[in-house]
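User: I have just opened this one and would like to go through it with you. Could you take me through the strands and the chain contacts?

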Amino acid sequence: MSKVRVLVGTRKGAFVLESDGKREKWDVSGPHFAGWELYHIKGSPVDPNRLYASHTSGWYGQIIQRSNDGGKTWETPGGEKTPEPGAMPPPASNKFVYDSSSETGKPLTTHQWYDGTQKPWVFKRVWHLEPSLTDPDTVYAGVEDAALFRSTDGGKSWHELPGLRGHGTGPKWQPGAGGMCLHTIILDPSNPGRIYIAISAAGAFRTDDGGKTWKPINQGLRSQYIPDPTAEIGHCVHHVAMHPSRPGVLFMQKHWDVMRSDDAGDSWHEVSGNLPTDFGFVIDVHAHEPETIYVVPIKSDGEHFPPEGKLRVYRSRTGGNEWEALTKGLPQSNCYVNVLRDAMAVDSLDSCGIYFGTTGGQVYASKDAGDNWAPIVRDLPAVLSVEVQTLP
Amino acid sequence: MIRVILPQHLRTLARVGSEVELEVEGRVTQRSVLDALEARYPMLRGTIRDHVTQQRRPFLRFFACEEDLSHEPPDAPLPDSVASGAEPFLIIGAIAGG
């Protein structure tokens, strides 16, 4: 029977939840790395027991953790205690240095700060880790200040793909409230050279040559909070989702507006339809129905909690515009949590499971595509990210 | 033998107890102690001082012999009692945050 593993990153550690295919009883392990912020944990599609975790701290900086046994044990890649004084140290798995070399890099320019002045790029943390679809030792990292890095040695060393930051629009990129982060990385399973990324607040970008060159893909986005609402750069994209069977179709939750592209991001149109608010962070796609998508509307700008204190997932079975509220099993009064951008995921069992985590520490799951919900763990620290693995 | 006391989170990361002992060749300074610490425990690289600038992380301080040495030059000699191992070199994480 299949199994499901849910990887939960929180403000104070990582948790790994496992269940059989019935998804009724969950074993919870953790906290791993207690006290540290776990921005994201994700498994390799090639080797599901190979997990990567972004483990950060305002005190001690960035750590990369890796597991080879599905989260039972962890290591800092290359960080083993050296056997003897004077031995050659391994590369540092937490060293993210922007490539400004004359051979391969781009000059380190500046980006816009909150007050409109320019600031130099400074690495702060890894927001998102995206393992390769074909090689368990290759993994991409989206970082703050926004840039894309890649490791091809299992996370031991990282190198920037400088064409993105060197696109030339950097001085127009600016931080969202959470920082200037590259938070979404989508690998196209049908085209190894194609990668989509999104930055808050710059917008979405696409490469078709494996990361050498990048194109902003923001045509059709409209953001009233920037001087030119339809500018090529400056949009606060919160998350982007894609169904692997239709890699040219993208769904986006923007700061406001739920958007859709049918041409690999070349153009976007709004599909917010009848949502009670088109603000939110997460967006995801049903594992077997590429036109069924999910969002969690959140009240903004100041509040960042569900409208009316009712936690509702909205589902569209028409690829947007027509939305239905999913409420069974979710709190429908006095609920003032948030659901952050990387905190929703799906499993790929026959009856698709949907999962999301809240800043109140609950992880909710539906094993029937959203019709009914139940918490599979509650009272964790604030949830930053949720990823799901469907295991044989 | 130089004694170094680490903050709790770095003990966990390095899988050591509260105090580690290090051999330091040459002059005993902040830099030479941290170089020896990072060489022995590579997972600590970047957690105490920045990889590139080598600047101390702002939420960490260096104490020894009841003095705050955080703002001393990195190549200044540490007190004799640290160099002799009589007193430890303390790396302190700020008490802050929720």
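User: Which residue is the bridge partner of V16(A) in β3(A)?

Analyst: The partner of V16(A) in β3(A) is S29(A), where strands are DSSP runs of E with at least two residues, numbered from the N terminus. Please keep in mind that this is a predicted model, in which local features need pLDDT of at least 70 and side-chain atom pairs count only at pLDDT 80 or more, while totals for chains, interfaces and linings use all residues. Residues are numbered from 1 along each chain as its sequence is written, and chains are lettered from A in the order in which they are written.

User: How many bridges join β2 to β3 in chain A?

Analyst: Strand β2 (residues 13-20) of chain A is joined to β3(A) by four bridges, and the two run antiparallel; strands count as paired if DSSP finds at least two bridges between them.

User: What sheet do they belong to, in which order?

Analyst: They belong to an open sheet of four strands with antiparallel pairing, ordered β3-β2-β1-β29 in chain A. At its edges lie β3 (27-32) and β29 (383-391) of chain A, each of which pairs on one side only.

User: Switching topic, how many residues of chain A are in contact with chain B?

Analyst: On the chain A side there are 21 residues, in contact with 20 residues of chain B, where contact means that the C-beta atoms of two residues, placed from the backbone, lie within 7 Å.

User: Which strand gives the largest share of that side?

Analyst: The largest share of the chain A side, three residues, comes from strand β6 (residues 61-67) of chain A.

User: Is β6(A) buried or exposed?

Analyst: Seven of the seven residues of β6(A) are buried, so this strand is largely enclosed by the rest of the structure. A residue is called buried if 20 or more other C-beta atoms lie within 10 Å of its own, with C-beta atoms placed from the backbone.

User: What does β6(A) pair with?

Analyst: β6(A) pairs in the antiparallel sense with strand β5 (residues 51-57) of chain A, over seven bridges, and a hairpin through three residues joins β5(A) to β6(A). Within this pairing, Y52(A) has R66(A) in β6(A) as its bridge partner.

User: And what stands opposite F251(A)?

Analyst: Opposite F251(A) stands R260(A) in β19(A). Strand β18 (residues 250-254) and strand β19 (residues 258-261) of chain A run antiparallel and are joined by four bridges.

Conventions: Buried ≥ 20, exposed ≤ 12 C-beta atoms within 10 Å, placed from the backbone.
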